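Subject: Structure handover, with notes on the aromatic contacts

Dear colleague,

I am passing on the structure below, and I would be glad if you could look through it alongside the notes that follow.

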Amino acid sequence: MIELLSIDEESRVPKYQQIIESIIHNISEGNLTMGQKIPSINRFSEDFYLSRDTVEKAYSILKERNIISAIRGKGFYINRTKLISKTNILFFINKLSSYKLRIYNSFLDNIGHNSHIDLVVYHCDESLFLNLLEKHKNSYDYYVIMPHFKTEILRHKSYTDKVIEAIESIPQEKLVILDNKKSKIKCNNIEVFQDFENDIYNALKEGLDNIRKYEKIFLTYPEKSVYPYPRRILHGFRKFCVEFDLDFEILDEVIDDMILKKGDLFVTIEESDLVSLVKQAKEDEFVLGKDIGIISYNDTPLKDLLGITVISTDFKIMGETAADMILNNKKGSVKVPFNLIERESL
């Protein structure tokens, strides 16, 4: 195997880096495979007339990146053959909703071909997230994390104490917080987020003139959901209604045979509530945007087609921005635009 590796004495690239690149190149070419043994530090240093410290530094970096592993008393072995691209990224997504996947796909489209991305879904579960993070610790160049968790009573929680401790164990230069604010996380690297409380408040404020035309405004906020929603949405809605003296009510869901009245305005979060509401309005022969109003949370092409007014963040920009910051080595906190898009239902 030693004949596959090469060191250029005339190159200005440090010798330890040449060792790293030579091993990675041979993995990519298929010359080295998973589980294959590589030369010991002493053997490598002797054959290439290198100091032991140089080889040890290269092997240490390869171990940190989980490309090789050491078995006590036996030597060093190739640990993986897939994650060998220039930039390796582990992407944590809390649920497989169409909105989250739009962020991921936008990120994927913009990060470029010189990156390898692994997607893991932790379903808002603290234990699963911690286990996945521990399993892949030190294996990636970047960890992109959408932090949304749930309590035992299915309440939304951005972070838990254990999650904060685990995330802070990741080197700051490798950490990307996406979709939610970092809160107490010590991170000076990359944060691309939506501000749930202020976003809904400001978006509804954009449509205040039309909203005032309705008698009462309802928010359907599911108190218990498999994937709970941030309560900051609830706080922002209440703040808006109280500040502008609007009659309002919070509902857990749109139930079958709900009594609808002319002058009702509904703000829905879950798609099932939107479908149920549109169906019942049609059965009662109410005209959307005239007899009753609907504002839906998060935009989709179907809502555009049906003329449903939405309040929504720009998922495409969120993914694009995160990718751009990684590619161009930018740091900072970026809030993604969140707007009211008025259509026929308001």
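Is Y99 buried or exposed? In this predicted model, Y99 has a relative accessible area of 11% and is therefore buried, since the cut-off for that class is under 20%. F315, at a relative accessibility of 3%, also counts as buried.

Because F44 belongs to helix 2 (residues 41-47) and Y59 to helix 3 (residues 52-64), the pair ties together parts that are 15 residues apart in sequence. Both F44 and Y59 are buried.

Y99 and F315, whose burial I described above, form a stacked aromatic pair, with 5.5 Å from centre to centre and 25° between the planes. Since Y99 lies in helix 4 (residues 98-111) and F315 in helix 12 (residues 315-327), this pair ties together parts that are 216 residues apart in sequence.

Returning to F44 and Y59, ring pairs link these two residues with F48 and F76 into a cluster.

Finally, there are lysines placed over tyrosine rings: K57 lies over the face of Y16, at 4.0 Å from the ring centre, and the charged end of K239 sits over the ring of Y201, at 4.6 Å from its centre.

Terms used: Residues are numbered from 1 along each chain as its sequence is written. This is a predicted model: local features need pLDDT of at least 70, side-chain atom pairs count only at pLDDT 80 or more; totals for chains, interfaces and linings use all residues. Side-chain values use heavy atoms; hydrogens and water are left out. Helices (H or I, at least four residues) and strands (E, at least two) are DSSP runs, numbered from the N terminus. Buried means under 20% relative accessible area, exposed over 50%, partly exposed in between (1.4 Å probe, protein chains only). Rings of Phe, Tyr and Trp (its six-membered ring) pair if their centres lie within 6.5 Å; planes under 30 degrees apart count as stacked, over 60 as edge-to-face and the rest as tilted. A charge sits over a ring if NZ of Lys or CZ of Arg is within 6 Å of the ring centre and within 35 degrees of the ring normal.
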